[in-house]
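Open the model in your viewer and keep the sequence panel beside it. This tour goes from stop to stop, telling you what to select and what is there.

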Amino acid sequence: MKKLAKFVLNKRFLAVFLPVIACLLAGFFLLNHSLPANRATTSELLCSTDQKLMSVKMFNGTVYAGSYNQHSPKLYTCSGGSASVQKTFNAESVFGLEEFNGSLYASLEQGGYPPVGKATVYRLEGSDWNSVFDDPDNALGMELKKSD
């Protein structure tokens, strides 16, 4: 019992384990108690869509939202709670949206599936989405991030 008491009162326990336990308890509480019972999904809060949203980005004053829907995800523009479909892709999801050098890019998970799922990136050019990259060796086009 003395060893347990000594361990609990040890500075290492207080500095490392106590904050970890506190964070886990706070996360559990937030996940289970922060939203009212009548929960709205992300897509309902942003704009009404028929698919679950995976990515959202404001670009040139327009909100773009990419969805998940195996083999036919959509890219929407959202305004005033309603959504307009900009493009339907042959992929699993529009996983990431990112602005770079004045253009908006979208990464697709399992792009071109079937027959072959590959990481694919599209760029918005005017009102068209054009493929600018695909990697047949990697199926997952995940989050896009810009660097330098």
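Select Gly 111 and look across to strand E7: Gly 111 stands opposite Lys 118 there. Gly 111 belongs to strand E6 (residues 103-111), which pairs with E7 in the antiparallel sense over five bridges. Strands here are DSSP runs of E with at least two residues, helices are runs of H or I with at least four, and both are numbered from the N terminus. Two strands pair if DSSP finds at least two bridges between them.

A word on the model before moving on. This is a predicted model, in which local features need pLDDT of at least 70, side-chain atom pairs count only at pLDDT 80 or more, and totals for chains, interfaces and linings use all residues. Residues are numbered from 1 along each chain as its sequence is written, and side-chain values use heavy atoms, with hydrogens and water left out.

**Next stop: the E7 and E8 hairpin**

Select strand E8 (residues 128-135). E7 and E8 pair in the antiparallel sense, over seven bridges. Glu 125 stands opposite Asp 128 in E8. Two residues sit between the strands of this hairpin, and Gly 126 takes a positive phi near 70 degrees.

The term means a side-chain nitrogen of Lys or Arg within 4 Å of a carboxyl oxygen of Asp or Glu. Arg 123 is partly exposed at 24% relative accessibility, and Glu 125 is partly exposed at 32%. Buried means under 20% relative accessible area, exposed over 50%, and partly exposed in between (1.4 Å probe, protein chains only).

**The other salt bridges**

How many salt bridges does a search of the whole structure find? It finds three. Select Asp 50 and Lys 74 for another of them: the closest N and O atoms are 2.9 Å apart. Asp 50 lies in the loop between helix H3 (42-46) and E1, and Lys 74 in strand E3 (residues 74-79), so the pair ties together parts that are 24 residues apart in sequence. Asp 50 is exposed, at 57%. Lys 74 is buried, at 18%.

Now select Glu 98 and Lys 57. Their side chains meet in a salt bridge of 3.3 Å, N to O. Glu 98 is in strand E5 and Lys 57 in strand E1, 41 residues apart. Glu 98 counts as buried at 10%, while Lys 57 counts as partly exposed at 23%.

Is Phe 59 buried or exposed? At 6% relative accessibility, Phe 59 counts as buried. Leaving out residues up to four places away in sequence, Phe 59 touches Tyr 64, Glu 99, Gly 102, Ser 103, Leu 104 and Leu 124. Contact means heavy atoms within 4.5 Å. Ser 103 is 44 residues from Phe 59 in sequence, yet 8.6 Å away in space, C-alpha to C-alpha.

**Last stop: the rings**

Rings of Phe, Tyr and Trp (its six-membered ring) pair if their centres lie within 6.5 Å; planes under 30 degrees apart count as stacked, over 60 as edge-to-face and the rest as tilted. The count comes to three aromatic pairs. In one, Phe 89 and Tyr 122 have ring centres 4.9 Å apart and planes at 65 degrees, so the pair is edge-to-face. Phe 89 sits in the loop between strand E4 (82-88) and strand E5 (93-100), and Tyr 122 in strand E7 (residues 118-125), 33 residues apart. Both are buried.
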